[in-house]
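Here is a short briefing on selected local features of one protein model. Look over the sequence and structure first.

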Amino acid sequence: MRKTWPVGLGVFVLDRASKLAAQSLLATLPEGSVALVPGVIHLTYAQNTGIAFSMLPLPPWMLALLTLLVLGLAALMIRRWAPRGAWSDALLWALLAGGLGNCADRLLYGYVIDFIELRFVRFAIFNVADIAITCSCAGLALLMLLEGEGHAKDTREG
């Protein structure tokens, strides 16, 4: 896991930098939004005071504590059951960095800065950390599934 830590650092830095840019640039616009591809992808400043999709509006310190507990549990579970290797380690670092990026927002501001809006599907507004968390979870699940199939083949052949 030592060789893949730069993935986590990169995710964390990209997340923090993009949120600071959104906060300083988008929040000052009259509508708080700018179209990258009109009607498809917009950069829209939002303050998320809850967890996923603004659910569970608890005090920021409680959400930060909950986030840290879930990240710790996820790290333990993944380290125990995820396949070993550079891909799973890199995905784990990205997952942890994404969670820490959103946790830092909660502790610093009392909310998470979101700014990526997909208007063609009217989905929630999200950020780089959310992308890292979602993609990491999907990638780890896929790796576990593929490893499980590999073990099933090995057992039948052996």
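Predicted model: local features only at pLDDT ≥ 70, side-chain atom pairs only at ≥ 80, totals over all residues.

Residues are numbered from 1 along each chain as its sequence is written, and side-chain values use heavy atoms, leaving out hydrogens and water.

**Asp114**
- Asp114 lies in strand S3 (strands are DSSP E runs of at least two residues, helices H or I runs of at least four, numbered from the N terminus).
- Asp114 is buried but has no salt bridge (buried: under 20% relative accessible area, exposed: over 50%, partly exposed: in between; 1.4 Å probe, protein chains only).
- A salt bridge needs a side-chain nitrogen of Lys or Arg within 4 Å of a carboxyl oxygen of Asp or Glu.
- Lys19, the nearest side chain of opposite charge, is 6.2 Å from Asp114 (Lys and Arg count as positive, Asp and Glu as negative; His and chain ends are not counted).

**Surface patch**
- Leu56, Leu58, Trp61, Met62, Leu65, Leu66, Leu69 and Val70 form a nonpolar surface patch of about 740 Å².
- Patch residues have over 30% relative accessible area and no salt bridge; like charges are joined within 9 Å, nonpolar side chains (Val, Leu, Ile, Met, Phe, Trp, Tyr) within 5 Å.
- Met62 sits in helix H2, residues 60–81.
- Met62 counts as partly exposed because its relative accessibility is 35%.

**Arg122**
- Arg122 is in the loop between strand S3 (112–118) and helix H4 (128–157).
- Its phi is near 50°, a positive value in a residue other than glycine.
- Arg122 has 65% relative accessibility, so it counts as exposed.

Terms used: Areas by Shrake-Rupley, 256 points an atom, 1.4 Å probe, with all protein chains shown as cover.
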